[in-house]
Amino acid sequence: MPDTVQLATRVEKAQDQLFRETTRRLGTTPADALRVFVAAFNQNRGFPFDVRLGVDAGSDETEDRPETLSSVPRRLLDESA
């Protein structure tokens, strides 16, 4: 068995609940979903989806608020609210 390490992060409770429910409905586990993401991230040498600056990329506000840097994660965050 290869050496393994544990990855950890903090997310908002609503995000955790949605993530767990979605993985359950997909017939997988949160841990397996994260392993798939890490493998896809590594295979793509970056995010396995488009990550781009917002429309107002020249403003300092965009740099101070990293959640606005990608339309995909922002959209996902908005859907869970």
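Predicted model: local features only at pLDDT ≥ 70, side-chain atom pairs only at ≥ 80, totals over all residues.

Reader: How are α1 and helix α2 oriented to each other, roughly parallel or roughly perpendicular?

Author: Helix α2 covers residues 30–44, and it packs against α1 at an angle of about 90°, with the two axes 9 Å apart. An angle between 65 and 115 degrees falls in the class just described, and α1 and α2 are therefore roughly perpendicular.

Reader: Which residues make that contact, and how many of them are nonpolar?

Author: On the side of α1 the contact is made by Phe19, Arg20 and Thr23, while α2 contributes Pro30, Ala33 and Leu34. Sorted by class, the contact of α1 with α2 has 1 charged residue and 1 polar residue, and the number of nonpolar residues is 4.

Reader: Is Thr23 buried or exposed?

Author: Thr23 lies in helix α1, and, not counting residues up to four places away in sequence, Thr23 touches Thr28, Thr29, Pro30 and Ala33. The cut-off for a buried residue is a relative accessible area under 20%. Because the relative accessible area of Thr23 is 3%, this residue counts as buried.

Reader: What is the C-alpha to C-alpha distance between Arg20 and Ala33?

Author: Arg20 is placed in helix α1, where its relative accessibility of 48% makes it partly exposed. Arg20 and Ala33 are 13 residues apart in sequence, and the distance in space between their C-alpha atoms is 9.7 Å.

Reader: What is the phi of Arg45, and where is this residue found?

Author: Most residues other than glycine have a negative phi. Arg45 is found in the loop between α2 and α3 (60–64), and its relative accessibility of 79% counts as exposed. Its phi is positive although the residue is not glycine, with a value near 55°.

Reader: How many helices does the protein have, and what pattern do its elements follow?

Author: The secondary structure comes to 4 helices and 0 strands.

Reader: Which element has the lowest mean pLDDT?

Author: The mean pLDDT of the protein is 80, and 68% of its residues reach 70 or more. Over residues 67–72 pLDDT stays under 50, and for this stretch the model has 15 contacts beyond four places in sequence. Among the elements, helix α1 (residues 13–25) has the highest mean, 97, whereas the lowest, 50, belongs to helix α4 (residues 71–80).

Reader: What percentage of the residues of the protein count as buried?

Author: The accessible surface of the protein comes to about 7,300 Å², of which 54% belongs to carbon and sulfur atoms. Of the 81 residues of the protein, the share that counts as buried is 9%.

Notes
Residues numbered from 1 in each chain as written. Heavy atoms only, no water. pLDDT = per-residue confidence, 0-100. Helix = DSSP H or I, 4+ residues; strand = E, 2+ residues; numbered from the N terminus. Contact = heavy atoms within 4.5 Å. Axes fitted to C-alpha atoms, helices over the stretch in contact; angles between N-to-C directions. Parallel < 35°, antiparallel > 145°, perpendicular 65-115°, else oblique. Nonpolar A, V, L, I, M, F, W, Y, C, P; charged D, E, K, R; others polar. Buried < 20%, exposed > 50% of the residue type's maximum accessible area, 1.4 Å probe, protein only. Areas by Shrake-Rupley, 256 points an atom, 1.4 Å probe, with all protein chains shown as cover.
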